[in-house]
Amino acid sequence: MIKVENVTKKYGSFTAVNNIKFDIKEGEIVGFLGKNGAGKTTTMNMITGYIEPTEGRIEIDGYDMNKKPKKAKKQIGYMPEAVPIYNDLTVKEFVDYMADLKGVKRKQKKEEVQRVIEETGLKEVQNTLNRHLSRGYKQRVSMAGALIGNPKVLILDEPTVGLDPQQVKQIRDLIKSLRKDHTVLLSSHILSEVSQICERVMIIDKGKILAIDTPKNLEDKVSDKNILTVTVEDNDNKIDEVVEKITDIKEIKLVNENSDGTKQYAIFAKDNKDIRKEIAENFAKNEITILELKKTEATLEDAFLQLINNYSIDEENNENEEEVIKEMKKKNEEDSIEEGGKN
Amino acid sequence: MLAVLKKELKTYFFTPIGYVFIGLFLEVSSIIFYRYTYYPGILNFSYVFFDSAVILTYIIAILTMNMFAGERKNGTDQLIMTSPKSITGIVLGKFLSAIVVVIATEIFSFVYLAIISHFGTPDLSTLGTTLIGFLLLTMAYISFGELASSITNQPIIAYIITFAFFFASMYITNLSDKFSMISFMGLYEKFVEGIIPVEETIALVTFTIMCIILTIIILQRRKNLK
């Protein structure tokens with residue numbers, strides 16, 4: 001439905017989007033993740049025909065955006081990030097104007113406008129001027145503008161940003177309900193949102209697409225690294241000796257020395273082996289008390305962070321391990337700050 | 001084009017912009033009418049339109065400054081530029097909506113005609129050519145205002161560019177009479193004499209078309225630059 005082929009966008013010497021390529025099938029909901037300035041909005045602006053790519057081709061429902069812009073644009077409903085709406089119009093007038101712009105036939109217009117207003121829950125404010133609406137309502141008005149004319153493709157740029165939790169839930173439910181007859185591409189930097197709503201996730205950084213996969217697969221890829229976090233009480237400092245005996249351990253690193261004398265280590269296993277049992281047995285034999293032993297569970301957030309930190313999943317090298325340890329240390333610090341706060 | 005035209009007219013009349021424009025124009029032209037036509041008892045009131053064209057220089061940009069600069073400032077240009085409407089249609093829709101406001105203003109000023117008719121038979125042919133000239137002049141003004149609005153995202157800058165351009169063109173004749181062919185008031189002057197001059201008509205129409213085409217090109221180019 002949305003086909004992006006080798007698209008590049010340059011501003012002078014700065015490359016905002018660098019040779020990206022993806023294909024979104026009909027009925028899919030795809031999340032677009034990236035830091036601020038990663039190229040999400042630029043990509044979306046190119047898909048909607050607001051700006052032209054420097055190189056490459058974009059196809060919407062088989063229509064080339066460059067050659068047949070009218071037909072291609074007719075398939076798209078776009079909700080831009082800044083939620084632009086006309087403040088001097090009422091909600092109904094705005095939706096009506098959007099219907100005119102989209103070329104909704106006059107006979108169906110009245111019905112269509114009412115349908116969209118009801119679907120987005122704007123019925124009670126339909127005669128209010130847009131300027132008097134709260135942020136949440138404005139967001140919905142913008143959404144209504146995107147939905148009018150029932151376009152096949154919906155491009156939503158950060159649809160829930162700036163909303164209260166209840167409104168976020170309402171918008172999410174609305175997006176989920178669109179699944180049936182729309183193809184949706186939504187950008188966000190709220191990861192939980194993306195993993196809840198989207199079937200596939202696209203991660204972009206510095207204008208390049210780093211991964212396109214289901215949220216589950218992305219999480220799995222990261223947890224495959226097989227890192228164990230171990231907190232031990234090891235008064236005789238025997239841990240190095242013991243670890244040497246376990247052949248499946250690739251490396252062990254000290255993460256933290258706690259104030260109560262216990263130590264936290266990160267253990268990297270060879271070849272993705274589960275070595276929890278071996279560790280438990282060997283440590284016990286040598287009188288090292290294990291207080292905590294856990295496999296680091298990766299979330300989409302980890303996947304995201306690691307991908308954009310150029311973490312290469314296939315090649316595990318020391319540099320990356322150091323990064324993981326740094327992250328762990330940081331987490332520990334945060335925890336201790338929190339605890340300190342509680343005390 | 002019609003969608004944009006309809007919406008722009010709504011904006012003009014649902015906000016003070018349209019009323020400010022019409023109000024200012026009628027206020028000044030009424031003063032001129034009273035002072036130079038009614039008071040001396042002249043039956044030719046085309047000079048009302050001639051003199052009130054001067055006020056256009058100051059206020060035409062009220063109608064045009066928001067056309068694209070305002071949309072860009074609010075980000076709503078994303079809505080129109082991603083709609084299936086063509087850029088030409090959008091530009092013409094906005095252009096025509098401003099023309100409609102000016103025509104509405106002209107219709108209001110027919111009151112003067114009624115007042116004069118009370119005292120004698122007004123010179124209708126001169127009035128006719130003046131109105132045609134006035135319309136052509138307005139088209140030129142609006143098209144330039146639209147162009148100015150398309151090159152900036154600050155309505156106030158668009159206002160200043162438009163105003164400065166017409167202000168300069170009006171007073172440039174004071175430097176030398178040679179400039180009268182590039183002065184818009186100089187072009188308009190002939191119409192008030194009761195004829196439709198070919199050269200001047202072509203000049204005004206060409207200028208209008210040129211500005212509209214330039215606006216279209218600028219908006220088209222911006223897709224690449226943005």
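Predicted model: local features only at pLDDT ≥ 70, side-chain atom pairs only at ≥ 80, totals over all residues.
A residue counts as buried here when its relative accessible area is under 20%.

I start with helix H1 of chain A, residues 40-47. Seven of its eight residues are buried, so this helix is largely enclosed by the rest of the structure. The buried ones are Lys40(A), Thr42(A), Thr43(A), Met44(A), Asn45(A), Met46(A) and Ile47(A). After H1(A) comes Gly49(A), with a positive phi near 80°.

Now chain A as a whole. Its secondary structure comes to 12 helices and 14 strands. Of its 343 residues, 50% are buried. Take the contacts in chain A with a separation of 6 or more: 69% of them join residues 24 or more positions apart. The accessible surface of the chain is about 17000 Å², and carbon and sulfur atoms account for 44% of that.

Two loop residues in chain A are worth a look on the backbone. Asp61(A) is not a glycine, yet its phi is positive, about 50°. You will find Asp61(A) in the loop between strand E4 (55-60) and strand E5 (63-64). Glu158(A), also not a glycine, has a positive phi of about 50°. Its loop runs between strand E7 (153-157) and helix H6 (165-178).

Is Glu158(A) buried or exposed? Its relative accessible area is 6%, so Glu158(A) is buried. Asp61(A), at 26%, counts as partly exposed.

On to the interface. Here 26 residues of chain B are in contact with 28 residues of chain A. The area buried between the two chains is about 2600 Å², with 59% of it from carbon and sulfur atoms. On the chain B side, Gln78(B), Leu79(B) and Pro84(B) lose the most area to chain A, and together they give 25% of what that side buries.

How many salt bridges are there between chain B and chain A? The count is one. The side chains of Asp100(A) and Lys6(B) form a salt bridge, at 3.2 Å from N to O.

Which helices of chain B supply at least two residues each to the side that touches chain A? They are H1 (2-14), H4 (69-74), H5 (77-81) and H11 (198-225). H1(B) gives the most, with seven residues. By class, this side of chain B has eight nonpolar, 10 polar and eight charged residues.

Thr162(B) sits in helix H9, residues 155-171. Its relative accessibility is 1%, so Thr162(B) counts as buried. What does Thr162(B) touch, not counting residues up to four places away in sequence? The list is Ile60(B), Ala61(B), Thr64(B), Phe144(B), Gly145(B) and Ala148(B).

That is what I have for today.

Key: Residues numbered from 1 in each chain as written. Chains lettered and ligands numbered in written order. Heavy atoms only, no water. Contact = heavy atoms within 4.5 Å. Buried area = accessible area lost by both parts, 1.4 Å probe. Salt bridge = Lys/Arg side-chain N within 4 Å of Asp/Glu carboxyl O. Helix = DSSP H or I, 4+ residues; strand = E, 2+ residues; numbered from the N terminus. Nonpolar A, V, L, I, M, F, W, Y, C, P; charged D, E, K, R; others polar. Buried < 20%, exposed > 50% of the residue type's maximum accessible area, 1.4 Å probe, protein only. Areas by Shrake-Rupley, 256 points an atom, 1.4 Å probe, with all protein chains shown as cover.
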